[in-house]
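Terms are given with their cut-offs where they come up.

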Amino acid sequence: MDSTYPTGWTDPLALKAAYAADGWCRLPFRLDAPTVVRVRDRVDAISATRRPEVVHEKDGDTVRAIHGCHAFDDLCAALVRHPALVGAAQALIGGPVYVYQFKVNLKQAHEGAAWPWHQDFSFWNQQDGMRRPDAVNLAIALDPIHEGNGPLTVVPGSHRGGLLDLPDPADTSDDWRRHVSADLAYTVREETVEKLAREHGTALITGEAGEVHAFHPSIVHSSTNNSSSDRRALLLITYNAVGNVPEAPTRPEFLVSRDSTPVTAASDTRISTLGAALV
């Protein structure tokens, strides 16, 4: 399946139709190169710290992900308010949004471990009490992403099937570390994925640094180990509808934001995009 949409495609209705059909799409704009460098440098600086928001691989030293950076870093806070990103989220969701999650998944060269097949909404619904998948993930590539460094693989259309293979509640873990490690608490079985793939096919989300993709909370997706000499950093902002706020989340605030104030779009001279924002 081709992930390339026309650069000038700025009709929200057309983009929303593609997103509704496939559960993912590439947005018609990207962060420019200087912006990518600024964000990447900030991510690297945060990754070098020891704080709860920085998650490591099983070796305890290799950084796997960082979470909730928009709550303590001014550049990340400005990024989530950028008009192009906020406009895309509002167009795809259909109304005001707030930032539900912010994270950067880092697959270090030769060390970044896979993410098994799963649906994000399983965690948000079962652990946080999110009622509906009225949210959207905007994924920003901070490094070039290719087949060898662990790109996302999605099953187009799988978001329309609801939640799949939910475990018995007695068999699930409330330890939030099981929600950010390679040993995920909620996964989709291989036989289920094989059936879906026969029906819908699969697609790799690859591209240059700065490109932005949107994908649905219920789409089935995974990624492989990074077997290359190139790091793969993917920044993900989850915007949730303001009418879909979980009532009583218990996971740490850096995983589930308690601030459901609608995001107000605001430009920042440090953040620039190329292409056309949705109009």
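## Charges over rings

A charge sits over a ring if NZ of Lys or CZ of Arg is within 6 Å of the ring centre and within 35 degrees of the ring normal. Arginine 64 meets this with its charged end over the ring of tryptophan 115, 3.8 Å from the ring centre.

The model is predicted: local features need pLDDT of at least 70, side-chain atom pairs count only at pLDDT 80 or more, and totals for chains, interfaces and linings use all residues. Residues are numbered from 1 along each chain as its sequence is written, and side-chain values use heavy atoms, with hydrogens and water left out.

## Strand β11

Helices (H or I, at least four residues) and strands (E, at least two) are DSSP runs, numbered from the N terminus. Buried means under 20% relative accessible area, exposed over 50%, partly exposed in between (1.4 Å probe, protein chains only). Arg232, Leu234, Leu236, Thr238 and Asn240 point one way. Ala233, Leu235, Ile237, Tyr239 and Ala241 point the other way.

Two strands pair if DSSP finds at least two bridges between them. β11 pairs with β4 (residues 97-107) in the antiparallel sense, over 10 bridges. There, lysine 107 has arginine 232 as its bridge partner. β11 also runs antiparallel to β6 (residues 135-141), joined by seven bridges. Asparagine 137 stands opposite threonine 238 of β11.

## Aromatic pairs

Rings of Phe, Tyr and Trp (its six-membered ring) pair if their centres lie within 6.5 Å; planes under 30 degrees apart count as stacked, over 60 as edge-to-face and the rest as tilted. The count comes to two aromatic pairs. Tyrosine 100 and tryptophan 124 have ring centres 5.3 Å apart and planes at 70 degrees, so this pair is edge-to-face. It links distant parts of the chain: tyrosine 100 is in β4 and tryptophan 124 in helix α5 (residues 120-126), 24 residues apart. Both tyrosine 100 and tryptophan 124 are buried.

Phenylalanine 123 and tyrosine 186 are also edge-to-face, at 5.1 Å centre to centre and 80 degrees between the planes. Phenylalanine 123 is in α5, and tyrosine 186 is in the loop between β7 (152-154) and α6 (190-200), 63 residues apart. Phenylalanine 123 is buried at 5% relative accessibility. Tyrosine 186 is buried with a relative accessible area of 5%.

## Pocket and cavities

On a 1 Å grid over the protein atoms alone, a cavity is a set of points where a 1.4 Å probe fits but cannot get out, and a pocket is an open set with protein on both sides within 12 Å along at least five of seven lines; lining residues have an atom within 4 Å of a point. Grid points are joined across faces, edges and corners, and a volume is the space filled by probe spheres set on the points. The largest pocket holds about 300 Å³. Of its 22 lining residues, His70, Val80, Val99, Ser257 and Asp259 are the closest to its centre. β4 gives the most to this lining, with five residues.

There are two cavities of 30 Å³ or more. The largest cavity has a volume of about 310 Å³. Among its 22 lining residues, Lys103, Asn105, Trp115, His118 and Asp120 lie nearest its centre. The second largest cavity has a volume of about 80 Å³. Its lining includes Arg232 and Leu234.
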